[in-house]
Amino acid sequence: WKGSASQVPSPCCPFMHCCIAAAEMTLPRRIVDCHHHFLAPDEPFHATLGALGAPAYTAEQYAADSAGLPIEKTVHIEALADDGAGEAAYVDALASRGACKVAAIVANCDLSAPDAAAALDKIQAASARVRGIRYILDYDGPFDGECPTHVACKAHATDYLRDASAAAAFERGFALLAARGLSFDLQLCPAQMEAAAAMISRHPGVPVVIDHMGKPWRLRADGGAADAAELAAWRKGMAALAALPQVSCKLSMLGVAVPGWPAGGAKEELLRGLVLETISLFGARRCMFNSNWHINGAVSNSDAGDVPSDEALTMASLFERFHGWVAHLGEAEREALFAGSAERFYRI
């Protein structure tokens with residue numbers, strides 16, 4: 001579905017919260033969970049996770065957390081992997097023995113590295129399920145836990161999209177993806193979006209999916225100037241990316257955008273409006289809901305996992321809320337959002 005902004009219910013509608021509550025107990029007909037993580041901090045390929053104190057999160061735990069949901073296939077996304085090929089081989093082995101429903105793997109690779117081509121060859125040799133690459137890029141100043149910079153960028157402290165020399169090195173690696181039939185998962189912050197769009201436009205043969213709705217940062221839902229400024233930057237960047245037909249968008253980890261939204265009220269109404277705005281901008285065939293599941297609902301919703309109202313979030317309740325937000329859309333649009341778009345993008 002790709003309509004105009006006038007076709008999206010207003011996030012200020014006084015009846016919206018009632019509509020959300022009435023629809024939230026339904027689930028999609030089928031789900032392709034196109035973004036989740038297994039964590040193995042005791043393995044060499046997840047040494048960084050071990051150093052951060054992350055707990056293990058196994059295929060068995062994911063199966064228990066997703067029990068009863070109509071999940072047909074999943075896509076495993078790299079989890080700060082120190083060795084992309086090692087992590088890919090590990091996940092491939094789980095899928096091959098039937099321990100999970102992973103149909104596609106997105107592996108970690110530093111595309112700015114001089115040996116990026118050899119690293120990509122090794123990753124693809126590790127698993128026929130590899131469909132794409134992610135290298136976390138969200139950098140907006142030194143990491144301090146408060147700004148949008150991701151902890152994965154702490155060590156290199158480099159903006160691979162806006163720093164001229166670093167961006168040139170990264171783009172050389174990015175250009176290698178097309179010939180290998182690989183997509184790219186783009187995790188970034190709004191301040192980097194226009195630079196990302198410029199680079200991506202030069203490589204139309206590389207399918208790109210924006211992770212986590214582009215991560216607008218910690219909106220307060222108070223109608224204040226800070227929210228207005230953040231949303232203006234996000235909207236400008238998202239419009240530039242949506243103008244490129246090879247770019248899609250994942251709808252997940254939304255607690256980064258609006259902390260505390262699971263408690264409902266104005267925060268959920270704001271977030272639902274932004275989700276519908278994104279669907280209107282990209283069209284349902286280029287948007288995909290997913291769980292980002294690992295550890296628990298609070299962490300899956302916002303990485304930090306520090307919002308008390310998120311603690312009761314289960315994978316089932318998450319997909320129920322998502323489905324409720326788009327209950328007014330047609331069946332074809334909902335099918336795309338929960339399954340079809342992911343199947344097309346990841347070729348599964």
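Which residues does alanine 85 touch, not counting residues up to four places away in sequence? In this predicted model, alanine 85 touches Lys122, Ile123 and Ala126 when those sequence neighbours are left aside. The mean pLDDT of the chain is 93, and 93% of its residues reach 70 or more, although pLDDT stays under 50 over residues 1-24, a stretch for which the model has 44 contacts beyond four places in sequence.

- Alanine 85 is found in helix 4, which covers residues 84-96, and it counts as buried because its relative accessibility is 7%, while the cut-off for buried is under 20%.
- From C-alpha to C-alpha, alanine 85 and aspartate 121 are 9.2 Å apart in space, although 36 residues separate them in sequence.

- The chain then crosses from strand 5 through helix 7 (residues 193-201) to strand 6, in a β-α-β crossover that is right-handed.
- Within strand 5 (residues 183-186), Ser183 and Asp185 point one way and Phe184 and Leu186 the other way, and all of them are buried.

**Aromatic pairs and a cluster**

- The structure holds 14 aromatic pairs, and among them is that of tyrosine 135 and tyrosine 160, which is edge-to-face because the ring centres are 5.9 Å apart and the planes stand at 65°.
- Tyrosine 135 and tyrosine 160 are 25 residues apart, and each is in the loop between strand 4 and helix 6.
- Tyrosine 135 is buried, with a relative accessible area of 12%, and tyrosine 160 is buried as well, with a relative accessible area of 10%.
- Phenylalanine 174 and phenylalanine 184 have ring centres 5.5 Å apart and planes at 75°, so this pair too is edge-to-face.
- Because phenylalanine 174 lies in helix 6 and phenylalanine 184 in strand 5, their pair ties together parts that are ten residues apart in sequence, and both phenylalanine 174 and phenylalanine 184 are buried.
- One aromatic cluster is formed by Trp261, Phe289, Phe319, Phe322, Trp325 and Phe338.

Key:
Residues are numbered from 1 along each chain as its sequence is written. This is a predicted model: local features need pLDDT of at least 70, side-chain atom pairs count only at pLDDT 80 or more; totals for chains, interfaces and linings use all residues. Side-chain values use heavy atoms; hydrogens and water are left out. Buried means under 20% relative accessible area, exposed over 50%, partly exposed in between (1.4 Å probe, protein chains only). Helices (H or I, at least four residues) and strands (E, at least two) are DSSP runs, numbered from the N terminus. A crossover is right-handed if, with the strands pointing away from the viewer, the path from the first strand over the helix to the second runs clockwise. Contact means heavy atoms within 4.5 Å. pLDDT is the predictor's confidence in each residue, from 0 to 100. Rings of Phe, Tyr and Trp (its six-membered ring) pair if their centres lie within 6.5 Å; planes under 30 degrees apart count as stacked, over 60 as edge-to-face and the rest as tilted.
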